[in-house]
Amino acid sequence: IAMMMVGRGVQGVGNAQSLRERAFDAARGGNPSLAADLFNDYLQQESSAATCDFAVLNCMGAMSAQLGRFEEAVSSFQKALAASAPEANLPAVRESRTNTFFNLGNACTALLRHREALAAFTQVTQLRPDDAEAFINMGNALATLGDMSKALGAYERAVAIDDTSEIALLNCGNALCDTGRNSEGVMMLLEALEQGAVADVDLCLNIGVAARRAALDDVAVEFLERVVKLEESHVLARRLLLTLRPSAEGVQSSASDDVAYAKMLFDQDAGGYERAMLTDLKYCAPARLLDMLLNAHTDCDEVRWNRVMDSGCGSGLVGDLIRPYSRHVTGVDI
């Protein structure tokens, strides 16, 4: 007897309700592709459900996310939330919407739409204020958007809810270190190890660097030595160990180490250079230089230079300001 396989565009399977039930069965059975196809067939027959059937729209979002189709997932989750809005205060609906907001946040994160993810996770924390995972994800979004202070607050809330969560402890510990609270950060990261976090190169290095900044030299040496054992050629760990223990056994400096160390520091700090100079240090020399140049041409209706040579450190801070007044700018790092 020839067996017929069900695929996209199922026809003649019965009424729309049958398609709906089969779609949910496929979803529960771990077949997201078939479930998505059946849901689409159901919506073709029952077009009104595309705006009012919360369960279908929510499940379609989950299936799309499992298939890596995150744009579709976001769209379905948003439609599901809109469909359930009139009954949002009912306890059962409220709980379902909370889960939908959480899944929406994850889908937005996968698409690097971090502000939308932050909005979704914020909704979860308001609807379910004891959800440690929501506060962790909220903190991740804030950290990605550059607001480390608020990210730390979210991580601290996650730890307060669940002080056994190694992810909450790790993220909170790293955020403490990033905001200058190194000794507290070290203690938090050590607690993460106690809760089962893997002592890999990155974690050991973070503890070692933070401990050194906090003058916890014995802890710093212990974890930097762990880094070197795990990755013998790790330049930063080797260099920091030498500053703490100049005669450290098996750790020597070389010219190539010096070059690699300088490159690592440059790459590490380059991304935050402009923020550090202009915001943290209030560096205003480029702006003052531009004002001087413009004030020297107050008799002109419009200042426009043909060619400008920016001979300096190669930062580009002057170039960014002077470019609107120039046809061509050349920057030279001297």
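Predicted model: local features only at pLDDT ≥ 70, side-chain atom pairs only at ≥ 80, totals over all residues.

Visitor: Why is H10 called roughly antiparallel to H11?

Guide: Helix H10 (residues 166-178) and helix H11 (residues 182-194) pack at an angle of about 160°, their axes being 7 Å apart. Angles over 145 degrees count as roughly antiparallel, and H10 is therefore roughly antiparallel to H11. The crossing of H10 and H11 is left-handed.

Visitor: Which residues of H10 and H11 meet, and how does their contact divide into nonpolar, polar and charged residues?

Guide: On the H10 side, Glu166, Leu169, Leu170, Cys172, Gly173, Asn174, Leu176 and Cys177 take part; on the H11 side they meet Asn182, Glu184, Gly185, Val186, Met188, Leu189, Glu191 and Ala192. The residues of this contact divide into 9 nonpolar, 4 polar and 3 charged.

Visitor: What makes H8 roughly antiparallel to H9?

Guide: Helix H8 (residues 132-144) packs with helix H9 (residues 148-161) at an angle of about 165°, with the axes 8 Å apart. The cut-off for roughly antiparallel is an angle over 145 degrees, so H8 is roughly antiparallel to H9. The contact involves residues of H8 including Phe135, Ile136 and Leu142, and residues of H9 including Ala154, Tyr155 and Ile161. The residues of the contact of H8 with H9 divide into 12 nonpolar, 2 polar and 2 charged. The crossing of H8 and H9 is left-handed.

Visitor: How do you know that leucine 43 counts as buried?

Guide: Leucine 43, whose place is in helix H2 (residues 32-45), has 15% relative accessibility. Buried means under 20%, and leucine 43 therefore counts as buried. Leaving aside neighbours within four places in sequence, leucine 43 is in contact with Ala49, Ala50, Val56 and Met60. Its C-alpha atom is separated by 9.7 Å from that of leucine 57, 14 residues apart along the chain.

Visitor: Why is alanine 107 called buried?

Guide: Its relative accessible area is 2%, and the limit is under 20%, so alanine 107 is buried. Alanine 107 is found in helix H6 (residues 91-110) and touches Phe70, Ala73, Val74 and Phe77, not counting residues up to four places away in sequence. The C-alpha atoms of alanine 107 and glutamate 71 are 7.8 Å apart, although 36 residues separate the two along the chain.

Visitor: What makes leucine 112 and alanine 215 count as exposed?

Guide: Exposed means over 50% relative accessible area. Leucine 112 has 64% relative accessibility and therefore counts as exposed; alanine 215, at 58%, counts as exposed as well. Leucine 112 is found in the loop between H6 and helix H7 (114-127), whereas alanine 215 lies in the loop between helix H12 (201-213) and helix H13 (217-230).

Visitor: Why is the phi of these residues worth a remark?

Guide: Most residues other than glycine have a negative phi. Phi of leucine 112 is near 65°, a positive value in a residue other than glycine. Phi of alanine 215 is likewise near 65° and positive.

Notes. Residues numbered from 1 in each chain as written. Heavy atoms only, no water. Axes fitted to C-alpha atoms, helices over the stretch in contact; angles between N-to-C directions. Helix = DSSP H or I, 4+ residues; strand = E, 2+ residues; numbered from the N terminus. Parallel < 35°, antiparallel > 145°, perpendicular 65-115°, else oblique. Left-handed = near helix turned anticlockwise from the far one by under 90°. Contact = heavy atoms within 4.5 Å. Nonpolar A, V, L, I, M, F, W, Y, C, P; charged D, E, K, R; others polar. Buried < 20%, exposed > 50% of the residue type's maximum accessible area, 1.4 Å probe, protein only.
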